[in-house]
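Hi everyone, thanks for coming. Let me put the structure up on the screen, and then I'll walk you through a few things in it.

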Amino acid sequence: MKYKSQKVAYWFFAFSMLLLVLQIVYGFIMGFAHAGYDGLHSIIPFNTAKAVHLNLLVVWLLSGFMGAAYYIIPEEAQRELVSVKLAYVQLISLAVVAVAAIIGFHFNIWEGRKFLEIPRPLDYLVVVNVLLFMALILITLFKGKRKTTTALVLSMGLLFAALLYLPGMIFFDSQVLDSFFRWWVVHLWVEGVWELIMGGILSFLLIKLTGVDREVIEKWLYVIVGLTFLSGILGTGHHYYYIGVNKIWLIVGGIFSALEPLAFLAMALFAVNMYRKGEKKHPNKIALYWTLGAAIVSFVGAGLLGFAHTLPQTNIYTHGTLVTAMHAHLAFWGAYAMIVFAIISYTLPNMTGRKLYDSTRGRIAFWLSNIGMIGMTVAFGVAGVVQVYLERIMKMDFMVVQKQIEIHFIVLIICATFFATGIILFLIDFIKYGTPTDEALEIKE
Amino acid sequence: MLSKKQARAFFLGGTLVTFLIFIGLTIYSLSPAQDQSHSENITASVIKGKKIWEKNNCMGCHTLLGEGGYYAPELTKVVDRLNQRYDGNGEAAIKSILMSKGPWQPHGRKMVAYGMTDAEASDVVAFFKWIGKIDLNGFGTVVSPLAKGKIKN
């Protein structure tokens, strides 16, 4: 750690991990309900669990990204953060929004639009919160000694993510338009600007962990984010095939979303090649595991599994089935959760001064959580394909089919238990590191 | 070999071009001439139905236009589907589910008992009827209970 203000990152990471635990708990509630055990229905009906599960995902990832930015930007800009106090104010307001929204979901207070369930009054608080965050990051960057490509790409991703929240706040009378612009937020986040954030964090980690020249890494960063936008922006069309808009999206969405895996393939090749080129001297191997893991698993989860159902000819049958849940789980895990785990694993020793990165626990956490998540993805995939065949082709009744696939949710719960065990092991390490200290400033990274 | 400057030009140029095409296509596909949703049929009752749909986060379990929770049935063609099942009494069946004070649990999977008023339930039905008529580029036949080809979206 080079600057005192970087310590702020720790508290964003801690908040992020707390929400992740809650997200997993609600995931289990949903898994059991799908398997036929919905004993909590009267307190936490499925739609509440679903809204909580999705929104906690968004908030914990954003909190992780914000923590990453508070750590990376001062180091890249070579100066302290402009205001540490305001950064804590921002964290507290983020926590207030999250807690208020989650409690509200249990009392039927929400907007009822998938991923954007946070009710309108709280949306305004989100806007204020994000404006404050962006101001702190951009002013620090602007006043800094240098403006690196890594910092610019990361900030650009965060800024666009903030701007893209706005189309989700407009009310439309037509469900078609509502859905159309909801994807401007959700798709352009996860298959667009969030990839910039991921790319920025990945590039920072590769520079630090591999020792490869910054110029080389940042050049490829441009190529990757270029490929991301080239395919991802028009790839939004894959959400427009069957929601009641023009057929032109079948062609445009089909072609460009089929190109989307290229960006993830480039990211995976880039990370692996930089690792090969590098000196392999950095002692923090567990951070390297998560970094390379994120690049590779995101290619499989977001790239390949996305491609599996993105063509209109396939999607007409899979649209609105568990096949989507299959892709979503491995994609979010690989691309975003793992990159947050990577930056946490890299920064914790630097912020706390404790070098616990050789622990076996850390490696078991990595493998268990990944194996568990891959198992969950397979369970969702099998359930999804069976659902498509029985319901969409054989025209069987929805609930009859759901009964048939209950068994796959038992498999899902078993795999989720492996996954959750991995996460718990990661958190034990997180807690063992303790809180950040100024003494860590003097320690060589 | 590619320079950093060229890489940046690729990023900025590619982004700008695809973004402009995206905006162009959005304007084209949302223009009145391309409307596939019969937006002229969005009555006050349909809008009220949509608001009730959102207020109760129905999408948290059901899917509509293929989007939602994957836990409860797709409702895009729900009026057709229940008409077929209940000999043309689909609307009444939907209303009785929405107005029920006790939990509705087909095959054991529970739905929250909303206990809506007759007017509210009618608005939701109006919303579903409007949704059911949208031209969905072929998806309508996939989620419809009627044999493929027999109905026009």
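So, how many residues of chain B are in contact with chain A? There are 56 residues of chain B in contact with 57 residues of chain A, where a contact means C-beta atoms, placed from the backbone, within 7 Å.

A quick word on conventions. Residues are numbered from 1 along each chain as its sequence is written, while chains are lettered from A and ligands numbered from 1 in the order in which they are written. This is a predicted model, so local features need pLDDT of at least 70, side-chain atom pairs count only at pLDDT 80 or more, and totals for chains, interfaces and linings use all residues.

Back to the side of chain B that touches chain A. Helices H1 (4-29), H2 (44-55) and H6 (139-143) of chain B, along with strands S1 (63-64) and S2 (67-68), each supply at least two residues to that side. Helices here are DSSP runs of H or I with at least four residues, strands are E runs of at least two, and both are numbered from the N terminus. H1(B) gives the most, with 13 residues. By type, that side of chain B divides into 27 nonpolar, 19 polar and 10 charged residues. Nonpolar means Ala, Val, Leu, Ile, Met, Phe, Trp, Tyr, Cys and Pro; charged means Asp, Glu, Lys and Arg; the others, Gly among them, are polar.

Chain B is also divided into domain 1 (1-34) and domain 2 (38-143), with bounds from an automatic or database domain assignment. The C-alpha centres of these two domains of chain B lie 38 Å apart.

Now two backbone details. Phe115(A) has a positive phi, near 80°, and is not a glycine. Phe115(A) is found in the loop between helix H3 (84-105) and helix H4 (120-143) of chain A. Asp87(B), also not a glycine, has a positive phi of about 50°, and lies in the loop between helix H3 (78-85) and helix H4 (90-99) of chain B.

Finally, how confident is the predictor? The complex gets an ipTM of 0.95 and a pTM of 0.96. Chain B has a mean pLDDT of 93, with 95% of its residues at 70 or more; pLDDT is the predictor's confidence in each residue, from 0 to 100. Over residues 147-153 of chain B, though, the pLDDT is below 50. Where pLDDT is low, the predicted coordinates should not be read in detail.

Methods. Contact = placed C-beta atoms within 7 Å.
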